[in-house]
Amino acid sequence: ITVIAASGAEADAYATACFVMGPEKALAFANTHSLEIYAFDEKFEITSSPGLKSRLHFPKPIAPRTSP
């Protein structure tokens with residue numbers, strides 16, 4: 001989880017809390033605390049706050065790496 005907040009220390013603390021919550025609850029939390037977040041789950045599905053959604057672009061879908 002990546003969190004954008006007023007300060008680095010604040011973002012770090014919120015990122016830890018949001019990680020424990022999981023992506024869906026973290027998004028709801030971010031929306032009520034004026035935070036921007038970006039997260040992905042174990043299936044590599046992306047969750048992001050509206051403010052970051054328009055700023056992020058991935059040319060290819062994120063997928064788990066496989067062993068050679």
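**Stop 1: a residue on strand β1**

Start by selecting T2, which stands opposite Y38 in β2. This is a predicted model, so please keep that in mind as you look around. Now extend your selection to the strands themselves: β2 covers residues 36-40, and three bridges join β1 to β2. These two strands run antiparallel.

**Stop 2: the whole sheet**

Which order do the strands of the open sheet follow? Colour the three strands and you can trace β1-β2-β3, with antiparallel pairing. At the edges sit β1 (2-4) and β3 (46-48), each of which pairs on one side only. From one strand to the next, the twist averages 5 degrees.

**Stop 3: a helix across the sheet**

Next, show helix α2 together with the sheet. Helix α2 lies across β2 and β3, and its direction makes an angle of about 175 degrees with β2.

**Stop 4: two helices meeting**

How do the axes of α1 and α2 cross? They come within 6 Å of each other and cross at roughly 135 degrees. An angle over 145 degrees would count as roughly antiparallel, but here α1 is oblique to α2. To see the contact, select Y14, C18 and M21 on α1, then K25, A26 and F29 on α2.

**Stop 5: the aromatic pair**

A search of the whole structure finds one aromatic pair. Its rings belong to Y14 and F29, with centres 5.8 Å apart and planes at 55 degrees, so the pair is tilted. The pair links distant parts of the chain: Y14 belongs to helix α1 (residues 8-21) and F29 to helix α2 (residues 23-32), 15 residues apart.

**Stop 6: a serine in a loop**

Now select S49, in the loop between β3 and α3. Is S49 buried or exposed? S49 has a relative accessible area of 1%, so it is buried. Leaving aside neighbours within four places in sequence, the residues in contact with S49 are L27, L35, E36 and I37.

**Last stop: colour by confidence**

Finally, colour the chain by pLDDT. The mean for the chain is 83, and 85% of its residues reach 70 or more. Confidence is highest in α1, at a mean of 93, and lowest in helix α3 (residues 50-53), at 80. Where pLDDT is low, the predicted coordinates should not be read in detail.

Notes
Residues are numbered from 1 along each chain as its sequence is written. This is a predicted model: local features need pLDDT of at least 70, side-chain atom pairs count only at pLDDT 80 or more; totals for chains, interfaces and linings use all residues. Side-chain values use heavy atoms; hydrogens and water are left out. Rings of Phe, Tyr and Trp (its six-membered ring) pair if their centres lie within 6.5 Å; planes under 30 degrees apart count as stacked, over 60 as edge-to-face and the rest as tilted. Helices (H or I, at least four residues) and strands (E, at least two) are DSSP runs, numbered from the N terminus. Two strands pair if DSSP finds at least two bridges between them. Axes are lines fitted to C-alpha atoms, for helices over the stretch in contact, and angles run from 0 to 180 degrees between N-to-C directions. Contact means heavy atoms within 4.5 Å. pLDDT is the predictor's confidence in each residue, from 0 to 100. Angles under 35 degrees count as roughly parallel, over 145 as roughly antiparallel, 65 to 115 as roughly perpendicular and the rest as oblique. Buried means under 20% relative accessible area, exposed over 50%, partly exposed in between (1.4 Å probe, protein chains only).
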